[in-house]
Structure formats: structure tokens, C-alpha cells
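Open the model in your viewer and keep the selection tool at hand. The tour goes from the whole chain to single side chains.

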Amino acid sequence: MAIISDFQDDEQTKKQTPPSSSSSSSQSKPSKSIPFTSTFDPSNPTAFLDKVFDFIAKESDFFEKDSAEKVILSAGRAAKVKKAKVVAAEKAKIAAEEKAKAEKVAAAAKAEKKDVEGKEDEKKDQESTLAAPNKGNGMDLEKYSWTQTLQELNVNVPVPHGTKSRFLICEIKKNHLTVGLKGQPPIIDGELYKSIKPDECYWSIEDQSIVSILLTKHDQMDWWKCLVKGDPEINTQKVEPETSKLGDLDPETRSTVEKMMFDQRQKSMGLPTSEELQKQEMMKKFMSQHPEMDFSRTKLS
């Protein structure tokens, strides 16, 4: 009985004895979040890190651990790798956008070039179907013929022999010409290819069989493709002014005519015109004066 009594006393003593301080300290305290507020200056990130480390040291025992420095270095390396990936991805995105843009520009330039070449080919095809001018740089038609210089046109309209001027209708307007016999359908009745100077135009009947008309061009720097619109056209690229008459022109007009003749020959051979050659020379001079600039993508045309 004494043994049992002793055991019961011991058990009662243990129940009445409060837990020791060592056992209570072994239980972990519940963690709670502590707010951290600070400003970040991108030009001085070290100051921000100092504040972060000071806060960690004050509010925890993190820096008392032997692994603290290793953890911080590892976190720094991970952040650096992550940043490098972000930068690389951004560069790759920019490079892809620039490549796509360059390809788009190149495709547009190629399409534009193809369109220009197509128009040039179409123009050449059209010119190849045009008739060559007669010896007077005009055309011989069924009911009349005409010749031209840069300043004027001469029109010859055959009429029945013995025809007198009172039997004729010849109306010369700025943009219209009507020629024919009274009481009959007009031989010529249409809008002129370009305007003329009516006050400087004349007509007469020669040998009572041909109506001769002189028309003075308003624009005396251009060749006409036809007399009236709707008539067959000539290929003005094949016009050949009489060289002997160039000396009769004033210096300015002669220079213009010679330039036009040169440009026509160049175009017929697929070569640059005088204006294009001048632009090329200016560009070459500019390139020689600025060797530091990159002209690899410059196209001389």
C-alpha cells in the first residue's frame, strides 16, 4: 500500500507543478508581418539596400545565421540572371520588330519598283505601237497632213481643184479647228491637241486645190502627238528637228531644244536624262565631301 500511495503522491505533485521555462521557450512564437516603407532612387540603389538590410537586422535574427551572406549573394545572382533574360527578351523583340519593319519597307519598295517598271514597260509598249513621224515631224492622214516645229504647225488639206476661198469654212479658235467646204461635212472638226494663239494663225488656198493653215503654238517648248484629239498619234521620241534651223533660234530656246533632243535620245536608249545625270553628279560630289557618312543604301537613279 505504501508503494501505491507514493506513486499517487508523485503523480499529484507532477500535476500541480507548473511547466518549466525551458519547455515554454522551445515552442515557436507565431510570426507576424511587419510593414516596411522606403523610397528608391534609381541613381543610388545602394542606399535603398542599406535601408533594407538595416530593417532586416533590426526586426529579425537573419544576419546572425552563417548562411545569411550566401543567401544574399544567391538572391543577387538570381536577380541578375532574371534581369539579363528580360533585357535579352526586349532586345530580341526590338530586333524582330525592326526586321519586320525592314522587310515591310523592302517589300513596299520592291512593289513600287515593280509598279514603276510596269508603267515604264507599258509606256514603251504604247510608244512602240505609235507611228513614226513624217519628214516634217507630223503625220500624213487620209484627208489631210500636218508638220510641225516647236513653234508652229503647218496643216495641208486637199480640196477639189478650182476651189476658191469663198467656198471654204476655216474657223481657228484657241482649242478648236474646223476646216471644210460649205454645205458639206467638215474635213477637220475637233479639239486641238494643245492650245494655240489664234491671232497669230493664218490660212490660204494654194493652187485652188490645197488649204494651207499656219497654227502658232501657245506652248512653244513641246512636240504635238497629233493635230486634233482622237486622231492617230505619232511617237514624239522619234522626232528629229532640222539641225540647220537651230541656229535661227534665240540662245535660250536653242538650249532648251538641244536639251530636249538629248533627253529624247537618252530615253530611247534607256539612259538617264540630263536632269537625272545632274542629280547623280551632285550626289557623287556630296558623297566625296562627306566620307564619314554611310551611303551604302543610297540609290543613284
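A helix here is a DSSP run of H or I with at least four residues, numbered from the N terminus. Keep that in mind for the helix names below. The model is predicted.

**Stop 1: the whole chain**

Show the protein chain as a cartoon. It holds six helices and eight strands. Trace the order along the sequence: α-α-α-α-β-β-β-β-β-β-β-β-α-α.

Now colour by accessibility. Of the 301 residues in the protein chain, 19% are buried. Contacts come next. Of those between residues at least 6 apart in sequence, 49% join residues at least 24 apart.

**Stop 2: Phe63**

Select Phe63. It sits in the loop between α3 (45-59) and α4 (68-129). Is Phe63 buried, partly exposed or exposed? It is partly exposed, because its relative accessibility is 34% and the class runs between 20% and 50%.

Beyond neighbours within four places in sequence, Phe63 touches Phe53, Ile56, Ala57, Ala68 and Ile72. Pick the C-alpha atoms of Phe63 and Phe53. They are 8.9 Å apart, with the two residues 10 places apart along the chain.

**Stop 3: the salt bridges**

How many salt bridges does a search of the whole structure find? The count is four. Side chains of opposite charge can pair when their charged atoms come close.

Start with Asp222 and Lys194. Their closest N and O atoms are 2.1 Å apart. Asp222 is partly exposed, at 22% relative accessible area. Lys194 is partly exposed too, at 28%.

Move to Asp263 and Lys259. Here the closest N and O atoms of the salt bridge are 3.2 Å apart. Both residues belong to α5, and because they are four residues apart, about one helical turn separates them. Asp263 is buried, with a relative accessible area of 12%. Lys259 is partly exposed, at 43%.

Then select Glu275 and Lys279. Their side chains form a salt bridge, 3.9 Å from N to O. The cut-off for a salt bridge is 4 Å. The two residues lie four apart in helix α6 (residues 274-289), so about one helical turn separates them. An α-helix has 3.6 residues a turn, so residues three or four places apart point the same way. Glu275 is partly exposed, with 46% relative accessibility.

**Stop 4: helix α5**

Go back to α5 and select the helix from end to end. α5 has 18 residues. From its first C-alpha to its last it reaches 26 Å, close to the 26 Å expected at 1.5 Å a residue.

Which residues of α5 are buried? Highlight Thr253, Val257, Met260, Met261, Asp263, Gln264 and Gln266. Asp263 is the salt-bridge partner of Lys259 from the previous stop. Now bring α6 back into view. α6 is part of what covers the buried residues of α5.

Select Gly270, which follows α5. Check its backbone: phi is positive, near 75°.

Methods: Residues numbered from 1 in each chain as written. Predicted model: local features only at pLDDT ≥ 70, side-chain atom pairs only at ≥ 80, totals over all residues. Heavy atoms only, no water. Buried < 20%, exposed > 50% of the residue type's maximum accessible area, 1.4 Å probe, protein only. Contact = heavy atoms within 4.5 Å. Expected span 1.5 Å × (residues − 1).
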